[in-house]
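Hi,

Here is the structure I promised to pass on to you. Have a look at it first, and then read my notes below.

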Amino acid sequence: MPQKVRVFWWRVLHEFLAAPKEVLYQRHVKPMAFCDLSGADREKIKHVLTECTVAKLFCREIKLLMCTKLPSLHPHSSASDVLITGMYSLWTQRNKCRHREN
């Protein structure tokens with residue numbers, strides 16, 4: 001797994017990603033904490049990676065491709081490289097969308 005993906009996963013597990021709007025809202029950087037993609041009230045790390053509409057679509061597609069159920073995400077359980085890399089991809093695509101990059 002690439003080093004930047006490992007660093008990303010470490011940050012996810014330790015809730016050390018400052019970009020979710022919930023964190024920026026608490027720090028008075030953003031006026032609102034809602035998710036741009038799904039419209040949810042609060043955009044937290046867990047929401048972006050597991051609860052958001054885009055994340056659910058991603059998980060559904062992976063489930064269809066792998067013909068298996070994805071493991072639940074818990075800090076003390078191991079997740080597959082595919083799932084972690086996919087979450088990294090979701091995160092980077094969300095940031096590109098947020099900053100109006102294609």
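Predicted model: local features only at pLDDT ≥ 70, side-chain atom pairs only at ≥ 80, totals over all residues.

Let me start with the core. The largest nonpolar core holds 19 residues, and F8, V12, L17, L49, M87 and W91 have the most contacts inside it. Helix 1 (3-13), helix 3 (45-51), helix 4 (53-66) and helix 5 (81-98) are the elements that each supply two or more residues. Helix 5 contributes the most, with six residues. As a general point, nonpolar side chains in soluble globular proteins tend to be buried together.

Leaving aside neighbours within four places in sequence, V12 is in contact with L17, I45 and L49.

E43 sits in the loop between helix 2 (21-26) and helix 3. E43 counts as buried because its relative accessibility is 2%, under the 20% cut-off. Which side chains does the side chain of E43 meet in polar contacts? One is that of R94, at 2.7 Å, and another is that of R98, at 3.1 Å.

N95 belongs to helix 5. With 18% relative accessibility, N95 is also classed as buried, since the cut-off is 20%.

Best wishes

How values were computed: Residues numbered from 1 in each chain as written. Heavy atoms only, no water. Core = buried A, V, L, I, M, F, W, Y, C linked by side-chain atoms within 4.5 Å. Buried < 20%, exposed > 50% of the residue type's maximum accessible area, 1.4 Å probe, protein only. Helix = DSSP H or I, 4+ residues; strand = E, 2+ residues; numbered from the N terminus. Contact = heavy atoms within 4.5 Å. Polar contact = N/O pair within 3.5 Å; in protein donor to acceptor, adjacent residues only side chain to side chain.
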